[in-house]
Amino acid sequence: MTHYLEFEKPLAEIEGKAEELRALARTNEEMDVEGEAAALDKKAAAMLADLYKGLTPWRKCQVARHPDRPHCKHYIEALFTEYTPLAGDRNFADDHAVMGGLARFGDRAVMVIGHEKGNDTRTRIERNFGMARPEGYRKAIRLMDLADRFGLPVVTLVDTPGAYPGKGAEERGQSEAIARSTQKCLQLGVPLVSIIIGEGGSGGAVAFATANRVAMLEHSVYSVISPEGCASILWKDAEKMREAAEALRLTAQDLSKLGVIDRIVPEPLGGAHRAPAVVIENVRKALDGLLSDLSEKDRETLIKERRSKFLSMGAQGLAA
Amino acid sequence: MNWISNYVRPKINSLFSRRETPENLWTKCPECGSMLFHREVSENLNVCTSCDHHMAIAPRARFAALFDGGVFSTVPVPEPVADPLHFRDQKRYPERMRAAQRETGEHEAMLVAQGEIGRTPVVCAAQDFSFMGGSMGMYVGNAIIAAAERAVESQSPLILFSAAGGARMQEGILSLMQMPRTTVAVEMLKEAGLPYIVVLTHPTTGGVTASYAMLGDIHIAEPNALICFAGPRVIEQTIREKLPEGFQRAEYLLDHGMLDRVTHRKDMRDELIAIVRMLMRLGPAVRGDLPAPDPVEALAKPAAPEAPDTRASEPAEEAKPE
Ligand SMILES: [Zn+2]
């Protein structure tokens, strides 16, 4: 069953009608509905194109959070071979909101790390909706460190509403864990490439995305705060999330203008969830290009360039 | 660094603070409700004389109390692009900025200064909670980078006083990017082998805690300071239970291993001097306020910061600003 987003309701009606007609035809052989159904398909396709032509920032947030959107696990399964998950922070626990391990991307051995949100009630709870606790960041630090010592490039797939705001997470040093993870990103003498595949939620995202190259999927978002959170603080009204999403400039297109990201990876019409195979192929191409760009650089250059990339970031504002 | 250069350095910085004399002579302690004579409170470094509650203190007032003789020079901070996102909520961001500048008399939410504490050259940066909640935007990032660069240039330690509600939302993603940017600043200090001391003051939250405030070589907090990533209200909403007393306060963090020390503001200066001098492999500090220098003597014999100075007559007393 397709999950329709709120703004896709008119589309849902048309696509639903076409489906109903076809279902009717299946039970009643005399009926010829194909002509009518095809017309509806055409109408739906036009509407889909229209809806996605100029998605507002708030709509992009909804697409980025779409329950059927391909998540970290899908990308890891599709893009890598010999994926060997590595678990635990060697301290307290294994955080299932963060997955990672050794893997092969083409011929290259890499370390892949990402937030995983889960796809149904059971896995969402198991993955804590992609909200990592300190152990998740500490696991990532450990894996990045391992990659660094053995000269493997690191690929991070970012998809998190943010770090988990829980009692235990705070007690065990959520802030420190995030800060150390960002610091580890900056210390890596190997290429670090980050792709924001859904939600880049605040510090929880930065901790993985302080990378040599940062790419974003066309309809993903990356922000200091959720539009709802921003609206409730600055507008004193959580319902003003549309305005907040607009003001925050959290879309891939705006972030590219601001010079915060290096590349936008196109999504199929209607968003990544409508054709996962297509978006996975696009990510493969982007990742291959980004890793190749960096493969000849030595340790010092990678560290130096990563630092100066962030030091100079924002200097131009929207004129970047 | 000798007495003369110290002595003739313009004192303007430390002598003026536009908020020094409010019309209201009384301050109410937000913790115990005592009505306190304003001058008494400011002489006590904004600590309640009745319950020891540490109220906010402006960076200039803190620096005046911290640096030897209240003398310091400010370190210039590169000006970022104003209102980079053309942000507008119920007000325009530039309007909010102007209002904060009017209210505080300051330009932005962080002040960087250089001077000596216990005759030890240091660079200090302090966040100003009264300026838009001390929020971290491009300017604060630039200030921390400038502070680190100055520390490296002058081979001095950096002492940073944090106080912030978090990132400055009006700068959107660019405020978030201050987390990696300020971490680069921390890396510069680390590489140069210079101490980076963080003093966490009330409140230090959000992206500020999750970047430069938790990356110090030494973490000291002021008593009862709220220090967290997610604020208590957000957590209570998430987990739907009441949080224990003192949760996310300095003493709680000390118990949970996130801090080295919790130190009363009146003891902070001496403690910082001791720590910094040991980390810099210098001899024990000269305690007490320094007497006015004899210009001739000072010219002939510049005080070496390494050597304990026998001229100090006062026992371990705070150097108080005038
Ligand atoms: Zn009090």
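UniProt, in an unreviewed entry, lists residues 29–51 of chain B as "zinc finger region: C4-type". Over residues 29–51 of chain B, the model is 26% helix and 13% strand. The end C-alpha atoms of that span are 9 Å apart. Keep in mind that this is a predicted model.

Now the whole of chain B. The chain holds 13 helices and 9 strands. Of its 322 residues, 48% count as buried. Take the contacts in chain B with a separation of 6 or more: residues 24 or more positions apart account for 70% of them.

Next, the sheet. Seven strands of chain B form an open sheet with mixed pairing. Their order is S3-S4-S5-S6-S7-S8-S9. Strand S3 (72–74) and strand S9 (261–262) of chain B stand at the edges. Each has a single partner strand, so one side of each is left without a neighbour in the sheet.

Helix H4 of chain B, residues 59–66, packs on this sheet. H4(B) touches S3, strand S4 (110–117), strand S5 (120–127) and strand S6 (158–164) of chain B. The direction of H4(B) makes about 160 degrees with that of S5(B).

Further along the sheet come S7 and S8. Strand S7 (residues 196–204) of chain B pairs with strand S8 (residues 218–221) of chain B. The pairing is parallel and runs over 4 bridges. Within S8(B), Ala221(B) is the residue opposite Leu200(B).

Two helices of chain B deserve a look of their own. Helix H6 covers residues 138–153 of chain B, and helix H8 covers residues 178–192. They pack at an angle of about 5 degrees, and their axes are 9 Å apart. H6(B) and H8(B) are therefore roughly parallel to each other. On the H6(B) side, the contact includes Val140(B), Ile144(B), Ile145(B) and Ala148(B). On the H8(B) side, Ala185(B), Met188(B) and Leu189(B) are among the residues that take part. By class, this contact has 10 nonpolar, 3 polar and 2 charged residues.

Now the side that meets chain A. Here 41 residues of chain B are in contact with 43 residues of chain A. Five elements of chain B give two or more residues to this side: H6, helix H7 (172–176), H8, helix H9 (206–209) and helix H10 (232–239). H8(B) gives the most, with 6 residues. By class, the side of chain B that touches chain A has 27 nonpolar, 10 polar and 4 charged residues.

Last, the partner itself. UniProt places "domain: CoA carboxyltransferase C-terminal", from an unreviewed entry, at residues 39–293 of chain A. That span is 47% helix and 19% strand. For residues 238–300 of chain A, UniProt lists "coiled-coil region", again from an unreviewed entry. Over residues 238–300, chain A is 56% helix and 5% strand, with the end C-alpha atoms 46 Å apart.

Chain A has a helix pair to compare. Helix H10 (residues 227–235) and helix H11 (residues 241–248) of chain A pack at an angle of about 100 degrees, with axes 8 Å apart. That makes H10(A) roughly perpendicular to H11(A). Cys230(A), Leu234(A) and Trp235(A) are among the H10(A) residues in this contact. H11(A) brings residues including Met241(A), Ala244(A) and Leu248(A). By class, the contact has 9 nonpolar, no polar and 2 charged residues.

Terms used
Residues are numbered from 1 along each chain as its sequence is written. Chains are lettered from A and ligands numbered from 1 in the order in which they are written. This is a predicted model: local features need pLDDT of at least 70, side-chain atom pairs count only at pLDDT 80 or more; totals for chains, interfaces and linings use all residues. Two strands pair if DSSP finds at least two bridges between them. Two residues are in contact if their C-beta atoms, placed from the backbone, lie within 7 Å. Axes are lines fitted to C-alpha atoms, for helices over the stretch in contact, and angles run from 0 to 180 degrees between N-to-C directions. Angles under 35 degrees count as roughly parallel, over 145 as roughly antiparallel, 65 to 115 as roughly perpendicular and the rest as oblique. Ala, Val, Leu, Ile, Met, Phe, Trp, Tyr, Cys and Pro count as nonpolar, Asp, Glu, Lys and Arg as charged, and the others, Gly among them, as polar. UniProt positions are given in the numbering used here, feature names are shortened, and annotations may be inferred rather than shown by experiment. A residue is buried if 20 or more other C-beta atoms lie within 10 Å of its own, exposed if 12 or fewer, and partly exposed in between; C-beta atoms are placed from the backbone.
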